[in-house]
Amino acid sequence: MSDETKAKVGRRDFLRKVGIGTVGAGATLATPLVGSAQADSENNDEKRKARYKESDHVKAFYRVNRYPA
C-alpha cells in the first residue's frame, strides 16, 4: 500500500513539466533580445529596382545543374 500512495511521476508528466519549464525559460531569455522595430529606409525607386543579378557563380550553378539557358 505504501508504494501506491507515493506520488509517481510518469514519463508523460515528466515531459510536460520539462516542456513547460523550457518554454518559460525561453520566453524569459528571449524578451531582452527583442529590439524596437525600425521604419523602412528605402524610397520607392530603390524598392522597385532589380535585385537579381546573374553573376558568374549563378551562371555556373545553372550550367552544372543543366538548366536551359
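Which residues form a nonpolar patch on the surface? F14, L15 and V18 do, with about 290 Å² of accessible area together.

## Model and confidence

This is a predicted model, in which local features need pLDDT of at least 70, side-chain atom pairs count only at pLDDT 80 or more, and totals for chains, interfaces and linings use all residues. Residues are numbered from 1 along each chain as its sequence is written, and side-chain values use heavy atoms, with hydrogens and water left out.

The average pLDDT (the predictor's confidence in each residue, from 0 to 100) of the chain is 74, and 65% of the residues score at least 70. Confidence is lowest in helix α1 (residues 2–5), with a mean of 55, and highest in helix α4 (residues 56–64), with 90.

## Fold and surface

The chain has four helices and zero strands. Helices (H or I, at least four residues) and strands (E, at least two) are DSSP runs, numbered from the N terminus.

The accessible surface of the chain is about 7200 Å², and 56% of this belongs to carbon and sulfur atoms. Areas come from the Shrake-Rupley method with a 1.4 Å probe; for residues, only the protein chains shown count as cover. Of the 69 residues, 1% count as buried. Buried means under 20% relative accessible area, exposed over 50%, and partly exposed in between (1.4 Å probe, protein chains only).

## The patch

Patch residues have over 30% relative accessible area and no salt bridge; like charges are joined within 9 Å, nonpolar side chains (Val, Leu, Ile, Met, Phe, Trp, Tyr) within 5 Å. F14 lies in helix α2 (residues 11–30). F14 counts as partly exposed because its relative accessibility is 48%.

## The salt bridge

The count is one salt bridge, defined as a side-chain nitrogen of Lys or Arg within 4 Å of a carboxyl oxygen of Asp or Glu. The side chains of E42 and R51 meet in a salt bridge, at 3.1 Å from N to O. E42 has a relative accessible area of 29%, so E42 is partly exposed.
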